[in-house]
Amino acid sequence: MLAAQTRAEIERARQRYPSPRSAILPSLWAVQNELSWLPPEAMAEVAELLGIVPSEVQAVATFYSMYFKHPPGRHHVLVCVQAACALRGADETVAYIERRLGCPSGSTTADGMFTWESTIECLGACGGAPMMQVDHHFEENLTPERIDAILARVAAEPATHHGPGG
Amino acid sequence: MAEYRLLTRDIGTEGLQTLPVYERKGGYQALRTALKERTPDEIVEQVKLSGLRGRGGAGFPTGTKWSFLPRDIFPRYLCINADESEPACFKDRYLIDENPHQLIEGILIAAYALQVRHAFLYIRGEYHDQRLLLERCVEEARRAGYVGERILGTDFVCDIIVHGGAGAYICGEETALIDSLEGYRGQPRLKPPFPAVKGLYGKPTVVNNVETLSNLPHIVGNGGEWFKAIGAERSTGTRLWCCSGHIERPGCYEMELGSPIRELFEEHCGGVWKGRALKAFQPGGGSMQVLLPEHLDLPLDMDAVMKAGSSLGAGAMMFMDETTCLVNVSMRLVDFYHHESCGKCAPCREGTYFESKLMHKLEAGVATLDELGTLADICANMDGKCFCPLGDTATWFVMSAYRAFREEFEAHCGAEGCPVAREHRPLLAGHA
């Protein structure tokens, strides 16, 4: 089910490491870039390309939080609520985004435009708190006005890749 | 002692992220010196002499770590730990964003000193733009002859492989990083054997932090003796301080080790915001113990802060003003460790669950005093009993906060809501 380009990218990753298994993470990113999530059939194809069994690929994929196990919306919004962000208003940011998008954390807007969630995992932008990542880009020093502007800008853009390969 | 711009000296120069500008600022001269004028062992000796200690959190002397590699086993590997995920830490991202070639030069110097042909740069998945930047810089360096075969016309061969993680704090623990790099669930390994003896692919491996390696061009360029004169006796050099929380000017500031915390707090951070008073602060990152305003006069010295019951860890400073609820902050930190526990060992997997459940009840004001009494018990069954430091450190902040703010913790019991938030609601209103 994977495109020739993705299969070639997986093959290149396999060549980069002394052990083909090391290419699992980069391969899963390549899959997510193409399909926006990791369908089980695609994971089986990765396993075949790397010469390991599908259950091993699934075991790895489910350990890491950034791989989507279900199809997400066109854009992904991640809001940090760890202490350093909370001290500067992350809870208010989360409440605002929830109102603005009209769905709770961990869900997708009815039009399929945004999947958003708050995360307790520090994203490494405490100096610009409160912050969020939109399609992996850092957006810092958030205010309601800035959030509106960012979401409006992103909504007008095409769906972007969902991983470091993109 | 004061602000000292060593790693951040050229930051702000237009285009520093590109090779020509980095070279114009003297970049890659130290690598040239290393390859043309020094033996690998001489570099190791210089690093030992410099007194450089690891900047990832544990503060282990870098030269000593290097010298644990068995002399005659090859290949050896170098892993660069850019999995920065400790709450309140963002210095590695800053160094990558602002001066990526300094890191790459440091990696190459370390690879030469350790006679490594493959360096794996493990960067957390969330640092997406930073990963793309590093990939671009490695290619730029390759085209200029700094990476790849016959580097600078010598026999030195080294490739740098940028490897993106996918969201797991535990992969910052060096053996879990190695597991993840090998294509497994990132779970820590039993030590010994230490990575220096049996690491990546079963071979001798050194794992060094981004900031640690970014120091190497300066040590090689100026000499270990010169570096040693900067900072304090057993905490040499500078460090980048990630300052966050209730301060006027959050951000990353580089200061000489040994400077007073107060100077960082008042002069660089601008003190507490909104004219309020300081209630507490956490040095070192999410794992470390809480300190009080009286500790502001401590020096930024790893040993001095350890004596005061905390640690400089990975170089963070999170400041909390008088309106802060320490139960709430503790709850978030405990939640972090619960979320990030890899599940390998029971004390951490189960302990962080019980901790988190208790802290949520406490913050909601529905826990009883008896339930609060179990906190120390839960933590005692974790600290020192977990497979790796993640579980141990999941107890440090909350227990230190409980000891220092016991009345505040107890006031939450049966309070039906957070009493601190109730008291300060007018203050909190203008937050966002």
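# Contacts of H101(B) and the make-up of chain B

Q: Leaving aside its neighbours within four places in sequence, with which residues is H101(B) in contact?
A: This is a predicted model, in which local features need pLDDT of at least 70, side-chain atom pairs count only at pLDDT 80 or more, and totals for chains, interfaces and linings use all residues. Residues are numbered from 1 along each chain as its sequence is written, while chains are lettered from A and ligands numbered from 1 in the order in which they are written. Two residues are in contact if their C-beta atoms, placed from the backbone, lie within 7 Å. With those neighbours set aside, the partners of H101(B) are L19(B), Y22(B), G27(B), C137(B) and A141(B).

Q: How far apart in space are H101(B) and G27(B)?
A: In sequence, 74 residues separate H101(B) and G27(B). From C-alpha to C-alpha, the distance is 7.7 Å.

Q: Is H101(B) buried or exposed?
A: A residue is buried if 20 or more other C-beta atoms, placed from the backbone, lie within 10 Å of its own, exposed if 12 or fewer, and partly exposed in between. Around H101(B) there are 25 other C-beta atoms within 10 Å, so the residue is buried.

Q: Which element of chain B gives the most to the side that touches chain A?
A: The contact takes 47 residues from chain B and 38 residues from chain A. Helices (H or I, at least four residues) and strands (E, at least two) are DSSP runs, numbered from the N terminus. Elements supplying at least two residues each include α7 (128-143) and β5 (238-245) of chain B. With six residues, the top contributor is α14(B).
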